[in-house]
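Visitor: Please show me the sequence and the model. I would like to ask about helix packing and charged pairs.

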Amino acid sequence: LIILEITNAAHWQWWGSHSLTTDTVSGLLVLLITVLVVNQLLSLRQARQRSHAVAAQAAIVSAQAVQSASAVSAVIDGSGDRDAASDAYRTYLLMLLISAPVFIDDAVARDFLEQAQDFGGEMTRTLALTRSSTDGAAGAGDRMDGAMQQLQNAAAPLLQLLNPVVRD
């Protein structure tokens, strides 16, 4: 509109002779720009809040993973209770199942979800091997430790969004 007004005399004369239309159009353009800016700011705020919620959920799942891993490792060592390890394992998988929809939308969170599922699979394998003997579970325990390390690596970018007090 500015270029037309500068270059086309008939155009600026029309707008000049229709002042109510000119004021209405300019008011609508200002309103539209204001709405777009406010909408963008609200979208950014919502994304930031969502990322903090995803990070908090990842911290909770990671903490349960550590607790479950230590319970299963204690069973492998022979010092733990298999029923308690099974309960911790079930709790971990239930938490993972409940929180999975939170992790789907973001690529980094989805990677964390995949690693968390892999870790759950390794715990399943390890617990299945401990039914028969603890000797066969020793190698699976190493695989479980590797899966736990991968889970912690996948959680690190998410946990960086939390302040240190909340993260601890």
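The questions below take up a helix contact and then the salt bridges.

Guide: This is a predicted model, with residues numbered from 1 along each chain as its sequence is written. Local features need pLDDT of at least 70, side-chain atom pairs count only at pLDDT 80 or more, totals for chains, interfaces and linings use all residues, and side-chain values use heavy atoms, without hydrogens and water.

Visitor: Are H3 and H4 roughly parallel or roughly antiparallel?

Guide: The axes of H3 (residues 19–77) and H4 (residues 82–103) come within 9 Å. They cross at roughly 160 degrees. Angles over 145 degrees count as roughly antiparallel, under 35 as roughly parallel, 65 to 115 as roughly perpendicular and the rest as oblique. Therefore H3 and H4 are roughly antiparallel.

Visitor: Which residues does one network of salt bridges join?

Guide: A salt bridge puts a side-chain nitrogen of Lys or Arg within 4 Å of a carboxyl oxygen of Asp or Glu. Glu122 pairs with Arg125 at 2.7 Å. Glu122 also meets Arg143, at 3.2 Å. Shared partners make one network of Glu122, Arg125 and Arg143.

Visitor: Is Glu122 buried or exposed?

Guide: Buried means under 20% relative accessible area, exposed over 50%, partly exposed in between (1.4 Å probe, protein chains only). The relative accessible area of Glu122 is 12%. So Glu122 is buried.

Visitor: How far apart are N and O in the salt bridge of Asp87 and Arg90?

Guide: Asp87 and Arg90 both lie in H4, three residues apart. That spacing is about one turn of the helix. Their side chains meet, N to O, at 2.4 Å.

Methods: Axes fitted to C-alpha atoms, helices over the stretch in contact; angles between N-to-C directions. Helix = DSSP H or I, 4+ residues; strand = E, 2+ residues; numbered from the N terminus.
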